Amino acid sequence: MIKVGDKLPSMKLMTPGAEGPREVDTADLFAGKTVVMFAVPGAFTPTCSAKHLPGFTEHYDALKAKGVDSIICLAVNDVFVMGAWAASQKGAEHITFLADGSGMFTRALGLELDLVARGLGVRSQRFALIAKDGVVTHLAVEQAGGFEVSRAEAILEALPA
């Protein structure tokens, strides 16, 4: 599993946009910036839609005030699902949505979650991290079913004043 001090892997993922899906390199998204990335087990799932993503949209200004350059939401979903989810969420225009459709980036982080028995396939664990220039400075991985350490409020507290 990735840990504090590790460099995030460089991979090509998809992001939804006004002109349709486009490929992005994770190295470019993190280079020279302070980035908060949070991951959810799935778009449109209850906690993800009602609490996790809305927390980051609600606290967007506070995160920016603490020096965060961008906020990324990662999920093992296809880019079209991520686009529809982004469009359905108030304030989500400030968030970069990354579709890890095959879960390769999530596996490279060592943060996959096997939900095959529940009919959901292999997804991402719920987590949030802070990275400076692509290096992890804070990592908060939830216990199964938890929603405490990866909340926007917890990430705000982890950022230096």
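Is Cys 73 buried or exposed? Cys 73 is buried, with a relative accessible area of 0%; buried means under 20% relative accessible area and exposed over 50%, with partly exposed in between (1.4 Å probe, protein chains only). The model is predicted, so local features need pLDDT of at least 70, side-chain atom pairs count only at pLDDT 80 or more, and totals for chains, interfaces and linings use all residues. Residues are numbered from 1 along each chain as its sequence is written, and side-chain values use heavy atoms, leaving out hydrogens and water.

**View 1. The largest nonpolar core has 27 residues.** Such a core is a set of buried Ala, Val, Leu, Ile, Met, Phe, Trp, Tyr and Cys residues joined through side-chain atoms within 4.5 Å. Phe 38, Phe 56, Trp 85 and Phe 97 touch the most other members. Elements giving two or more residues include strand 3 (34-40), helix 2 (46-58) and helix 4 (79-88). Helices (H or I, at least four residues) and strands (E, at least two) are DSSP runs, numbered from the N terminus.

**View 2. Phe 97 and what it touches.** Contact means heavy atoms within 4.5 Å. Skipping residues up to four places away in sequence, Phe 97 touches, among them, Met 14, Leu 53, Cys 73 and Trp 85.
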